Amino acid sequence: MTFQFNFTIGDHLENESTALGDGALTLNSSKEAPGSECQKGKHRDTGCSREQCDRPRDPLGTPESAGNTAPSQAPGSSLDAANSSGNLEPHEEQPCLRRAKEHAMPAEAKEVIGNKVLETLPGLQQGSMSVVKTVLLKEKFPGENIVSKSFSSHSDLITGVYEGGLKIWECTFDLLAYFTKARVKFAGKKVLDLGCGSGLLGITALKGGAREVHFQDYNSMVIEEVTIPNAAANSALEGEESDGDQQEVKRCRRSKAAESKCRFFSGEWSEFCELVLTSGNVFERYDLILTSETIYNPDYYGSLHQTLLRLLHKNGRVLLASKAHYFGVGGGVHLFQKFVEERNVFETRTLEIIDEGLKRFLIEMTFKCPSSCPQRDMN
Ligand SMILES: C[S@@+](CC[C@H](N)C(=O)[O-])C[C@H]1O[C@@H](n2cnc3c(N)ncnc32)[C@H](O)[C@@H]1O
């Protein structure tokens, strides 16, 4: 399997950076996110627009920290809890959430990958994968945008503005290796790649025969410029050996198959949760939620936990990959496990510890008591 990365930024990025100026990026921050007008204490009726704030929130009570930081090397971070709506504990409510949105996958693969630069990821046990070459962003888009901001601040994310989805994080590769080692079965499953960035986990599930795969990222630009092109590029790859018209036919067929099985979402977790639970017919929960490098910020734990609780099928499981600790931001495996234990809903099990370079963990989460889980009466 080969992953290709493929990237150009045009209107999407401009839109996203405009949105910053408009304050449309809305996670609450104890130190206001660059360009964001959502501040602590501002609620729907007081400070933010409908796009900015949807429901009140109160921080988890985690200490405030500052700065725009990378999960692995960050000097500090700042968001208050990004908790879900609905059945939150009172102290886990939040004032300002980035709206969720569904993104359509264009019917033609060439529409999304035609103008992108792709590269092949080497050394994957699943085979090669094609991915959008995101490193080109720096040179191509030096203006006022989230990517150049991220580059110029030497950080891999800007808290509450850009949450790191343009780069492929180390733990994604750990989880990919685990899929092969543990022979994780995707066939027939409904899968969510939560905090997907490049979407390699979801794409692998798709290639493994998943019935349906949903991708979620905080940033719409990441979904449109990276995740969707990657999904399209890798569904097209299967036709590589054939030539000419035949290849084009296969490419289209594969792309259409991917299109019918994949859905793409951007937005803050609790908003995403709300969107999928309330849109359309009865929502069928995920059999498998895959998530890599998403527990770096303790302020997001409430929202993440609620999302898992609301969206995981009662007999489903979460496969989570994370570094042991995220310096500066403060999150990490032990803190997250403690958070989960205190809520007493999920059981966590360590699947693997990778002790080279920065220590990393693969964790499985399942409902403690499927028969009494909050969705016991649902699918
Ligand atoms: C460090 S990146 C990891 C990306 C990818 N999973 C990987 O391993 O390469 C963290 C991801 O989590 C998502 N994320 C983090 N906090 C979020 C939040 N509060 N709401 C929604 N998405 C969030 C970001 O969009 C981003 O894609």
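## Burial and contacts

Of the 379 residues in the protein chain, 55% count as buried. Buried means that 20 or more other C-beta atoms lie within 10 Å of the residue's own, with C-beta atoms placed from the backbone; 12 or fewer makes a residue exposed, and anything in between partly exposed. This is a predicted model: local features need pLDDT of at least 70, side-chain atom pairs count only at pLDDT 80 or more, and totals for chains, interfaces and linings use all residues. Residue numbers start from 1 along each chain, as its sequence is written.

Take contacts between residues at least 6 apart in sequence: 72% of them join residues at least 24 apart. A contact requires C-beta atoms, placed from the backbone, within 7 Å.

## Secondary structure

The protein chain has 11 helices and 11 strands. These are DSSP runs, numbered from the N terminus: helices are H or I with at least four residues, strands E with at least two.

## Strands S3 and S4

S3 (residues 118-120) pairs with S4 in the antiparallel sense, over 3 bridges. Pairing requires at least two DSSP bridges between two strands. Thr120 stands opposite Ser130 in S4.

S4 (residues 129-132) is covered on both faces. Met129 and Val131 are buried on one side, Ser130 and Val132 on the other. In a regular strand, side chains alternate between the two faces of the sheet.

S5 (residues 190-194) is largely enclosed by the rest of the structure, because 5 of its 5 residues are buried. Lys190, Leu192 and Leu194 lie on one side; Val191 and Asp193 lie on the other.

S5 runs parallel to S6 (residues 212-217), with 5 bridges. Leu194 has Gln216 of S6 as its bridge partner. The chain passes from S5 through helix H6 (residues 200-207) to S6 in a right-handed β-α-β crossover. Right-handed means that, with the strands pointing away from the viewer, the path from the first strand over the helix to the second runs clockwise. S5 is also parallel to S8 (residues 286-292), joined by 4 bridges. There, Val191 stands opposite Leu288.

## Strands S8 and S9

S8 is mostly covered, with 7 of its 7 residues buried. S8 pairs in parallel with S9 (residues 312-323) over 6 bridges. Leu290 stands opposite Leu319 in S9. Together with helix H10 (residues 301-311), S8 and S9 make a right-handed β-α-β unit.

## Ligand shell

The ligand is surrounded by 23 residues, counted when the C-beta atom, placed from the backbone, lies within 6 Å. Gly164, Gly165, Gly195, Gly197 and Tyr218 are the closest.

The shell divides into 9 nonpolar, 10 polar and 4 charged residues. Ala, Val, Leu, Ile, Met, Phe, Trp, Tyr, Cys and Pro count as nonpolar; Asp, Glu, Lys and Arg as charged; the others, Gly among them, as polar.

How values were computed: Contact = placed C-beta atoms within 7 Å.
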